[in-house]
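I set out to record what I looked up in this structure, entry by entry. I begin with a term and then turn to the fold and its helices.

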Amino acid sequence: MAANATVAPMTGKSPLVAVVDDEEDVRHALLRLLRSAGFDVLVYGSGTEFLRHVQDSAPDCVVLDLHMPGQSGFDVQRSLSERGLPIGVVVLTGNDTPDGRMRAMANGADAYLCKPVDDELLIGAILDAIRQRGPPA
């Protein structure tokens, strides 16, 4: 059973996690898993869609697929960095390569995980990424 997400002590709110993946079944499975673990969750089918809403939604962490049509996960990482947004990034990919791993981590990913992923490992990586970014301003 997955551990519950820690509630932010000052706000009493659950952490907000954005899931960005072009595969609908992956988005749905992650939505169910993360909600059952106590997170608030937003799902996006593309990097472009996520980037269009990221400023207003202000997620604490994004679970990001690397290989998507249009803007890739690498493009999303670059855009987050350029905008100076302090969002934790957990890469979740089905196409693991040494170059992709190195590039994602060099671009600021807090964790790099491969599909299929262990539920506890993913939840732990999200919580770690949120903690590393510090409390919201």
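Entry 1, a term. Before reading any helix pair I noted that a crossing is called left-handed if the near helix is turned anticlockwise from the far one by less than a right angle, and right-handed if it is turned clockwise. I also noted that the model is a predicted one.

I counted five helices and five strands in the protein. Along the sequence I read the pattern β-α-β-α-β-α-β-α-β-α. The protein has 137 residues, and 44% of them count as buried. I then looked up contacts between residues at least 6 apart in sequence, and found that 64% of these join residues at least 24 apart.

I checked the length of α1, residues 24–36, against expectation. At 1.5 Å a residue, its 13 residues should span 18 Å, and the end C-alpha atoms are 18 Å apart, so the two agree. Just after α1, I found G38 with a positive phi of about 100°.

Entry 4, the buried residues of α1. Which residues of α1 are buried? I listed V26, R27, L30, L31, L33 and L34. I recalled that an α-helix has 3.6 residues a turn, so residues three or four places apart point the same way. I next looked up what covers the buried residues of α1, and found among the covering elements the strands β1 (16–20), β2 (40–44), β3 (61–64) and β4 (88–93), together with helix α5 (119–133).

I recorded the crossing of α1 and α5 as right-handed. On the α1 side the contact is made by L30, L33 and L34, and on the α5 side by D119, L122, I123 and I126. By class, I noted six nonpolar residues, no polar ones and one charged one in this contact.

How do the axes of helix α2 (residues 47–57) and helix α3 (residues 73–83) cross, and at what angle? I found that they come within 10 Å and cross at roughly 15°. The crossing of α2 and α3 is right-handed. In this pair, G47, F50, L51 and V54 of α2 meet V76, S79, L80 and R83 of α3. I classed the residues of the contact of α2 with α3 as five nonpolar, two polar and one charged.

Technical notes:
Residues numbered from 1 in each chain as written. Predicted model: local features only at pLDDT ≥ 70, side-chain atom pairs only at ≥ 80, totals over all residues. Heavy atoms only, no water. Helix = DSSP H or I, 4+ residues; strand = E, 2+ residues; numbered from the N terminus. Expected span 1.5 Å × (residues − 1). Buried < 20%, exposed > 50% of the residue type's maximum accessible area, 1.4 Å probe, protein only. Contact = heavy atoms within 4.5 Å. Nonpolar A, V, L, I, M, F, W, Y, C, P; charged D, E, K, R; others polar. Axes fitted to C-alpha atoms, helices over the stretch in contact; angles between N-to-C directions.
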